[in-house]
Amino acid sequence: MSAGFDVVVVGAGPGGMAAATVAAEAGRSVCLLDDNAAAGGQIWRGYRAETAKKYPHGARYWSWAARLDRTRCAVWAGWQAIDHPAPGVLRLERDGERRDVAFENLIVATGARERVLPFPGWTLPGVTGAGGLQALVKSGLDARGKRVVLSGSGPLLLAVGAGLAAAGARVECICEQAPLRQLAGFGLSLLAQPARLLEGARYRIKILPAAYRTGCRVVRAEGRGRVECVVVTDGRRQWMVDCDWLGCGFSLVPNLELPRLLGCKVADGFVAVDARMQSSVPGVACVGELTGIGGLDKALVEGQIAGFVAGGRLAESDALSAQRQRLERFATRLERAFALRLELRALATDETIVCRCEDVHYAVLKTCASWREARLHTRCGMGACQGRVCGAATEFLFGWENASARPPVFPASVASLACEVGQRISESAS
């Protein structure tokens, strides 16, 4: 089964929703696809139009969802882009069903995932990514009465903590690895943006009286069968905190698998784009966290820019250029403030599992010279997640780059793989 559109948008988070909306409003035929059951991405996960305004940024979700609903945009939920079998074509899969979709313009808004660094006990049940824990609670996991510790880096920790507290959890403490002096400088830079300061203050108020400790990190999780407590250090002393859940997230890393498969140039860990969000591949734009970790505002502006370009409304796209530049400067300050300290490389011990899919320990990996050697000798990154977890960790631990891109981007059915192989054999024969 196949279909064709003027514009295809992959990823229905804020950036993807904005891109699809303005392109459809310009009269283009648009398909917005995402592997989740509904649009919204991580930040707007689980929001519904009738209740959205009660939640953080809910008014903006309601506004964009209403605009999108008024267009003729086709929204395909539950579909994953697994391959790029021909120019201007994506291969999709959902529950074993396969579909090809053709496009004239493609906008990739696949967002980011959190980096989880390995440490003793991180594989215990009850230890998750901070954003992953947030997603589970938004999807219905009962958080009432649960004692939670959050560890890592970035403003996401505060947002997750506030959400968990609202769901009935008891946030014991937030361990932010960045030192106070860096955060203080970042805070001073926000004096000209009181809305951002107010947002952070609101999150902090929601998790009172939980401690927010800077320059700290969890170095070990302990428990019989599941996490029961964690050991925290500030570099001078250690102490224990009892908990039922531990959420960890050491900043975000962009989901570059599809852009790399498409051939987009990647520089300094992000897709290289021009002022109109166009990548090095003609007809392919990338927006949001793919071009730099900057949050909701940046994603919405970049999505609109790409959508206006795809809709032929270049003047409206260019009018957003100055706003995007300001948001890029904010993203740069954010990156510097929450830069990971080198001490975090010492969290893992020789016995610590780094690749959970293939049970590969740190002691084995530190004898390897590159990501390729590690894959060949240990199968690190060759399990179900295809390096999405351990790849980001080893990049920080050892400086390895995981730049490989091959189909399928996500685990796919045998039928889809057989179709792909058959097609390539046919092309070779002809």
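Axes are taken as lines fitted to C-alpha atoms, for helices over the stretch in contact, with angles running from 0 to 180 degrees between N-to-C directions. In the predicted model, helix α1, spanning residues 14-25, packs against helix α8, spanning residues 296-310, at an angle of about 30 degrees. The axes of α1 and α8 are 7 Å apart. Because angles under 35 degrees count as roughly parallel, α1 is classed as roughly parallel to α8. The crossing of α1 past α8 is right-handed.

On the α1 side, the contact is formed by P14, G15, A18, A19, V22 and A23. The residues of α8 that they meet are L296, A299, L300, G303, Q304, G307 and F308. By residue class, this contact between α1 and α8 comprises nine nonpolar and four polar residues, with no charged residue present.

The relative accessible area of D234 is 14%; since buried means under 20%, D234 is assigned as buried. The backbone nitrogen of R236 is reached by the side chain of D234 at 2.9 Å. For R237, the backbone nitrogen lies 3.0 Å from a polar atom of the D234 side chain. When residues up to four places away in sequence are not counted, D234 touches G215, C216, R217 and W239.

Technical notes: Residues numbered from 1 in each chain as written. Predicted model: local features only at pLDDT ≥ 70, side-chain atom pairs only at ≥ 80, totals over all residues. Heavy atoms only, no water. Helix = DSSP H or I, 4+ residues; strand = E, 2+ residues; numbered from the N terminus. Parallel < 35°, antiparallel > 145°, perpendicular 65-115°, else oblique. Left-handed = near helix turned anticlockwise from the far one by under 90°. Contact = heavy atoms within 4.5 Å. Nonpolar A, V, L, I, M, F, W, Y, C, P; charged D, E, K, R; others polar. Buried < 20%, exposed > 50% of the residue type's maximum accessible area, 1.4 Å probe, protein only. Polar contact = N/O pair within 3.5 Å; in protein donor to acceptor, adjacent residues only side chain to side chain.
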